[in-house]
Amino acid sequence: MSIIRTLAPEVANRIAAGEVIERPASVVKELVENALDAGAGRIRIQTSHGGQRLIQVTDDGCGMDRDDAMMCLEAHATSKIRDLVDVGQIQTLGFRGEALPSIASVSRFLLQTRQAESPSGTEVLVEAGVLREVRDCGCAPGTNVRVTHLFGNLPARRKFLRSPDTEDAHIHEVILLQALAHPGVAFEYLADQREAVRVAATGDQAARLGMLMGREVLAEMLPVDYEEAGIRVHGFTGKPGLSRSSRKEQRIIVNGRPASAETVYFAIKEAYSSLVLKERYAPVVLYLELPPELVDVNVHPSKREVRFREARLVGQVVSAAVGRALRGMVSLGVGAGAPGAAAAAADATAAGAPPAAAATGSVAPPAARPFRLSPGPQQLRLPVRDLPPAPAAPAAGSVVPATSSSPRPPPAAAPAPSSSSSPSPSPSSSSSPSPSPSSPAPSPSSSSSPSPSPSSPAPSSSLSSSSSPSSGGGREDLAGLRILGMLRETYVVAAGPRGLVLIDPVAAQQRV
């Protein structure tokens, strides 16, 4: 007797629901994606008790007639794709035809929908996967889905849900991602009758980022816009020094779909390799636009992860885009609230850029603007007068006494006298001949500086031990640096005996 048999439809639907519907946030994600695919211009989400008691999503999309309202509850029934060719170039958020039947099989599911040209709408009621009622109803054009008693027929699954606050946080993140991905759609989210998100439709991604995350966050972000090999990367990335302890705030949107991709995360890490500490992550909001046939979104039923057919190329383009924004952080600007943004916007307007582009800081690349070396109010100022001048090159065979600020290993001969403690020696002292190692040490009364204690190591009197041709410069070169100013608020420009020197403060701090 055969022991293999086909599962009943209700059993198969509940198994499929376990992959698609993991928590209340999964329900919100699927319903919002359906609303976006229907061309909605405004989406309203309501939840109660972390989505366990109520999830309601209302949109003003195209709606459905009675036949489509019945067919959408069948497994693998969809209007997004038709044949096998469409699977390789998916351009919609949904395409599997599993979301609505999976939700209806684990909840009490009420669907109300109407097309704009129809005099009446259709209402469908399903309880735990069983169709209860289909009737005409009066409703606004669009679709209204009401989900209650989620996982009511699966007590084990309901027991593994987190607290309402935790589930609300997951729902909020889903809505935040969708609102960032689609700035042209208005979103409203009410959690337990409290307004959590309300953003109006806009065509400006910077404005949408400021609405959702605050102008303070926008002021700390740099605009990104780069295109290569048919791949465009644009959005915003955090300034150097701004980092988080997790990768949660690295939000990636591929062809309008919030997704995760290890290739993109690794490229961002490479771009920030010398700018953030280990195990720290820079916040980014990046939009990737590339041909749909180069992206595989059919990786998991939840459609969270995507893969690229040219993963290496995508990674290189993302790394180049972020790196270019970091290198030109001052010229590009970040918005009205950021330091230097007003000057950048004024320069952009003077150069002929439209006012909208000047207001958002999306101006010409760094190469199009001359840099200024004059110190500004926000730039680093060092005590230049306290630094000693660069020492003159010693003659061949001469011996230079070591300074007290540069300790040397103990010499084999008798200790040389310590140099004067004054940071700026007088011309008479600088022109006096250097004492030879065989000269007797001066008495304490004849020197203004205290003599070293017997227990402290005496400084070396040999120049060859401190600077050699292979070392590329000794401490005398560093002591003789004269600070000139800041270059693009990123690098310290100094003048030394060998010429101009650029100092990266971030790299110098990490080495210390």
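Modeller: Contact here means heavy atoms within 4.5 Å. The model is predicted, so to speak of a local feature takes pLDDT of at least 70 and of a side-chain atom pair pLDDT 80 or more, while totals for chains, interfaces and linings use all residues. Residues are numbered from 1 along each chain as its sequence is written, and side-chain values use heavy atoms, with hydrogens and water left out.

Start with Arg257. The residue sits in strand β12, residues 257-259. Strands (E, at least two residues) and helices (H or I, at least four) are DSSP runs, numbered from the N terminus. Leaving aside neighbours within four places in sequence, Arg257 is in contact with Ile90, Thr92, Leu93, Ile252, Val297, Lys303 and Val306.

Is Arg257 buried or exposed? Arg257 is buried. Buried means under 20% relative accessible area, exposed means over 50%, and partly exposed lies in between (1.4 Å probe, protein chains only). Yet Arg257 has no salt bridge. A salt bridge needs a side-chain nitrogen of Lys or Arg within 4 Å of a carboxyl oxygen of Asp or Glu. The nearest side chain of opposite charge belongs to Glu33, 4.7 Å away. For charge, Lys and Arg count as positive and Asp and Glu as negative; His and the chain ends are not counted.

Now the charged pairs. The structure holds 23 salt bridges. One of them joins Arg44 and Glu188, at 3.5 Å from N to O. Arg44 lies in strand β1 and Glu188 in strand β7, so this pair ties together parts 144 residues apart in sequence. Glu188 is buried at 7% relative accessibility. Arg44 is partly exposed at 32%. Both also belong to a network of salt bridges that links Arg42, Arg44, Glu188, Glu195 and Arg198.

The strands behind this pair also run together. β1 (residues 42-48) and β7 (residues 186-191) pair in the parallel sense over 6 bridges. Two strands pair if DSSP finds at least two bridges between them. Arg42 stands opposite Ala186 in β7. β1 also pairs with strand β2 (residues 54-59), in the antiparallel sense, over 6 bridges. There Thr47 stands opposite Ile55 in β2. The hairpin of β1 and β2 has 5 residues between the strands, and His49 takes a positive phi near 55°.

A second salt bridge joins Glu123 and Arg135, with the closest N and O atoms 3.0 Å apart. This pair links strand β4 (residues 121-127), which holds Glu123, to strand β5 (residues 130-137), which holds Arg135, 12 residues apart. Glu123 is buried at 9%, whereas Arg135 is partly exposed at 36%. Glu249 and Arg244 also meet, at 3.2 Å from N to O. Here Glu249 is partly exposed at 25%, and Arg244 is partly exposed at 27%.

Last, the cysteines. How many disulfides does the structure hold? The count is 0, where a disulfide is a pair of cysteine sulfur atoms within 2.5 Å. The sulfur of Cys137 has its closest cysteine sulfur in Cys139, 4.0 Å away and therefore too far for a bond. Cys137 is buried at 9% relative accessible area. Cys72 is buried too, at 12%.
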